[in-house]
Amino acid sequence: MENQALATPEENLQKLGITLGSSRPLLGNYVTCVRAGNLLFTAGQGVDEYHGKLGRDLTVEEGYLAARQSMINLLKVVKQELGELSKVKRVVKILGFVNSTEDFTQQPKVMNGASDLLVDVFGDKGKHGRSAVGMAQLPNNTAIEIEMTLEIEE
């Protein structure tokens with residue numbers, strides 16, 4: 001993305017045609033994120049648009065889009081918590097759970113949907129450690145759930 005270093009994360013989202021609205025409602029007894037010092041830990045965020053198993057019900061391309069949407073949902077939570085995304089110093093790590101068949105092995109390609117978006121939004125600050133794991137099932141049969149750890153301005 002051109003002039004990414006000069007643009008704010010919100011400006012980068014606008015260039016991508018992404019508007020961050022309200023975060024999704026909670027599905028249980030937990031909070032959407034917890035601050036510990038200069039770290040922000042998010043709860044997992046799934047998606048409402050993609051359901052089923054990768055390798056049976058959904059293609060890798062659909063999984064990529066599901067991971068991208070899951071990350072948008074996470075960014076909504078972070079913006080709600082911090083007020084502005086420019087308070088993110090660095091994306092430390094994301095952990096992606098992919099609802100997949102036993103023989104599906106393309107979880108990293110699916111998770112690229114989230115990783116690519118983070119780099120588009122935050123530039124080098126969006127580069128992160130990552131785990132992508134296959135799961136037998138996820139809540140509400142969602143295709144993906146992602147959680148994230150961020151270093152933030154104190």
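Close-up 1. Val34 has Phe41 of β2 as its bridge partner. This is a predicted model, in which local features need pLDDT of at least 70 and side-chain atom pairs count only at pLDDT 80 or more, while totals for chains, interfaces and linings use all residues. Residues are numbered from 1 along each chain as its sequence is written, and side-chain values use heavy atoms, with hydrogens and water left out. β1 and β2 pair in the antiparallel sense over 4 bridges; two strands pair if DSSP finds at least two bridges between them. Strands (E, at least two residues) and helices (H or I, at least four) are DSSP runs, numbered from the N terminus. The hairpin has 2 residues between its strands, and Gly37 takes a positive phi near 65° there.

**Close-up 2. β5 and its two antiparallel partners.** Phe41 also bridges to Thr149 in β5. Leu39 stands opposite Glu151 in β5. β2 (residues 39-42) and β5 pair in the antiparallel sense over 3 bridges. β3 (residues 88-99) and β5 are antiparallel too, over 9 bridges. Ile94 has Met148 of β5 as its bridge partner. In β5 (residues 144-152), 7 of the 9 residues are buried (under 20% relative accessible area; exposed is over 50%, partly exposed in between; 1.4 Å probe, protein chains only).

Close-up 3. Five strands take the order β1-β2-β5-β3-β4, with mixed pairing. β1 and β4 (129-135) each have a single partner strand, so one side of each is left without a neighbour in the sheet. Neighbouring strands are turned by 15° against each other on average, direction ignored. Axes are lines fitted to C-alpha atoms, for helices over the stretch in contact; angles run from 0 to 180 degrees between N-to-C directions.

Close-up 4. Contact means heavy atoms within 4.5 Å. Helix α3 (residues 107-122) lies across β3, β4 and β5. α3 runs at about 160° to β3.

**Close-up 5. A nonpolar patch at Leu26, Leu27 and Tyr30.** These residues make a nonpolar surface patch of about 300 Å². Leu26 lies in the loop between α1 (9-15) and β1 (33-36). Leu26 is partly exposed, with a relative accessible area of 42%. Patch residues have over 30% relative accessible area and no salt bridge; nonpolar side chains (Val, Leu, Ile, Met, Phe, Trp, Tyr) are joined within 5 Å, like charges within 9 Å. A salt bridge is a side-chain nitrogen of Lys or Arg within 4 Å of a carboxyl oxygen of Asp or Glu. Areas come from the Shrake-Rupley method with a 1.4 Å probe; for residues, only the protein chains shown count as cover.
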